[in-house]
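Notebook open. Today I'm looking up how some pieces of this protein pack together.

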Amino acid sequence: MNSIFIGNFDFLSGDGKMRALMREHDWSNSPLGLPQHWSPALRTVTGLMLDSKFPMFLAWGPELGFLYNDPYIEVLGAKHPDALGRRFEVIWTEIWPVISPLIERALAGEATFNENLPLLMLRNGHEEQTWFTFSYSPARDENGNIAGMFCACTETTAQILAERRQAFELKIADLLRDLDDPYEITEVAAAALGQHLQVSRVGYAEIDASGQFVSVARDWTAPGGTSLAGETRPLDSFGPDIIAELRAGRVLRLDNIADDPRSAPYAAGYASIDTRSLLIVPLIKVGRLTALLYLHEPGTRRWTNEDQTLAEHVAERTWAAVERARAEEKRRAAEEALSSQLAAEGNRLRALFQQAPGFMAVLRGPDHVFELANAAYMRLIGARDIIGKPVRLALPEIEGQPFFARLDHAFSTGEPFFAQQERVVLQRTPGGPATERFVDFIFQPVIDTDGTVAGIFVEGYDVTDRKLADEALRAADRRKDEFLAMLAHELRNPLAPISNAAQILKMLGADQPMVRKASDIIARQAEHMTSLVDDLLDVSRVTGGLVTLEKTVLDLHDVAAGAIEQVRTLIDARRHRLKLDIPDHALLVVGDRTRLVQVLANLLNNAAKYTPEGGEIQLRMHEEADRIVVSVRDDGVGIDAKLLPHIFELFTQGERSPDRAQGGLGLGLALVRSLVTLHDGTIEASSGGQGHGSTFTFCLPRHDGAGTGERTRTKGAIPSAPQTGLKVMVVDDNIDAADTLAMLLNARGHQVYVAYSGAEAVQSARQQKPQVFLLDIGLPDIDGYELARRLREEEGGSEAVLIALSGYGQAQDHSRSKAAGFNHHLVKPAGALEVTALLEQLATDKVGR
């Protein structure tokens, strides 16, 4: 081949087999001509095709010169590389009658798509049945005229063959499922395989114990074929090389016996059984050739990999069915022997059964025939005649329940089955109502002396009363959790207007001490109420498995600082001495900072509440092996010894004075234990008794890696009013919450509009064009998510800032509000500091722009 260098043609530069081949190809005899003279359209399409990882080809020009990419090489087989640049029709002559009408449609401007089209190809020296899914599309030149056609294709041959194989194997399974005669099994399987592969003869042959002779009991032949059923022949008559292959467990494929050196010397012997080509699958057991599945043809045949795979699968399934049938024959014989033996002991067993407190029964054989049943069993199922009847006939009402299948499995495998509190529905009287019972039971296979399963021993107890009691307890616990969650969410609604009203009073009464004092009291109590509600929600979420930790590497110094900040006001108010015993170096753990601060703050808060004024509280941290130990000790009222084991249970509290000075719901320590457990930690409490203080100690796994950077937290008063107010709309069906928040924001210099429903908000927004929307999610007419979508669709709505107000603050709630179009998500009751700080930032951003 003459090499032609092609320069300055970027579409042929770069990597790839076809690019390299096209650069070196002799194009002088191609209908496409030299690439230097190719049109821009041809170069562009060729470049795109060569860049693709999907099999593609292009046929261009009046003679349809053929170009293809690297993935298409496998489709061509041995036709590559000669196919490059040749006429399309010359390359695929054998399938041209099938594809030429499709090509003509493409050249006429009509694109076509074909799925799993069968094509008989000659691409590897022999005919090969293939299937392809492909599209033919017109290819146009730079003037828009059709200059050729383009194809993207994928070969689905393997998929089609796999589907056909699977369908055939399902058919074989159905045919063999109910057969129990070994000879009938082999005959049925051979017939199905022969008809599917369209061969002349298929049979199953067995090798005798000496390994010298092969015998055929039954086989299948096509009409006019010769059967080998009943024949026995010496193995060596087929050639030592052939037998060696089979004894080695290798599948034998001979397309032409006369041409293969292993079989040619024995061609006359094969001819005597009218065989010129064959496929044989050997069965090796315990290192010995024991059986053969053979496929014979009187003429030559090219056996495919698919033929071999299918024959191997059929052989495996057939041999398994034969062995199963023979095993079943042995089991039936064993059952008869076992029945005779048990008959002699029947009277004694019946007496023992009648005295047993639990129910018992003995079932025999694969049909599970009742042989014995004690009084407790009869009380369970009701008075009926069951002895001598199969279980399916004796207890027809449990058809569709899992017991029959489990009995079958225990009998066939010899494996016992045990279940607790299993539900069973029985009809204890003929025509009577269905009765639901719950049982603990075991199906224990009865093994005969030869190791086979002869029956099933059933034993158990009716635990219905215990089950119902357990369910009642769980239902009560579930209702309690649901009530707590509902109560916590409902309590959040009034907290927002209360908090807002307190802030309004504080601003309006800045120069009136009594008003300011009253507003401070309201704010503190609202904050306390919010804390109680949060505890309720946290307990509900933890017990319901809804808490997700956001773990990072933390320094417990940071956790301690955050917790102390939260309880400092209470400690100072009660004039406690807080002592810290914490090493200077980092104490690293992996955890959720918010939750760990919550744990430590709860313990410090309890210590402050239950320690008389002027008492001492100590916070200590130290390392022990692979963990970090944190303890909070106080010299307060202590814990009674009877209460100590239950101190971490829900609603558990120490003895209170009549005025309940310490407050609380008894949720905190239960929540603390749950959160510590979620961090793979442990917690315990100790006390010398009442009046001797208490110590709470929790341990967390120590982290050896580098810690995170320092974190800072800020807390302060409501920011000063922004210089430029915003147009804000508050939407909430809680009138008090909406009005108080509006009053607060008006006082901060914002222009505020209020709507009490979604529909009112949409109407008002069209007139007022607010810059910021504060939307309650739980509106009665349109939920906040849908309202957000509608507001975004209004004129100017795409630029507005949407802030969600919700009683739900889990990660999925934030994600849902973001998806609905919200810019921010605040959890009720959103504090005045949080809302005004956000609006101040938005106002600052607006001025900056």
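A crossing is left-handed if the near helix is turned anticlockwise from the far one by less than a right angle, and right-handed if clockwise. Helices (H or I, at least four residues) and strands (E, at least two) are DSSP runs, numbered from the N terminus.

Ground rules: this is a predicted model, where local features need pLDDT of at least 70 and side-chain atom pairs count only at pLDDT 80 or more, while totals for chains, interfaces and linings use all residues. Residues are numbered from 1 along each chain as its sequence is written, and side-chain values use heavy atoms, leaving out hydrogens and water.

**Entry 1: two helices.** I checked helix 6 (residues 157–177) against helix 7 (residues 182–197): their axes come within 10 Å and cross at roughly 155°. Axes are lines fitted to C-alpha atoms, for helices over the stretch in contact, with angles from 0 to 180 degrees between N-to-C directions. Helix 6 and helix 7 are therefore roughly antiparallel (over 145 degrees). Their crossing is right-handed. On the helix 6 side, F168, I172, L175 and L176 make the contact (heavy atoms within 4.5 Å).

**Entry 2: rings.** I found 21 aromatic pairs in the whole structure (Phe, Tyr or Trp rings, the six-membered one for Trp, with centres within 6.5 Å; planes under 30 degrees apart are stacked, over 60 edge-to-face, the rest tilted). F134 and Y136 have ring centres 4.9 Å apart and planes at 45°, so I noted that pair as tilted. Both F134 and Y136 are buried (under 20% relative accessible area, with a 1.4 Å probe and protein chains only). F648 and F696 pair edge-to-face, 6.1 Å centre to centre with 85° between the planes.

Conventions
Buried < 20%, exposed > 50% of the residue type's maximum accessible area, 1.4 Å probe, protein only. Parallel < 35°, antiparallel > 145°, perpendicular 65-115°, else oblique.
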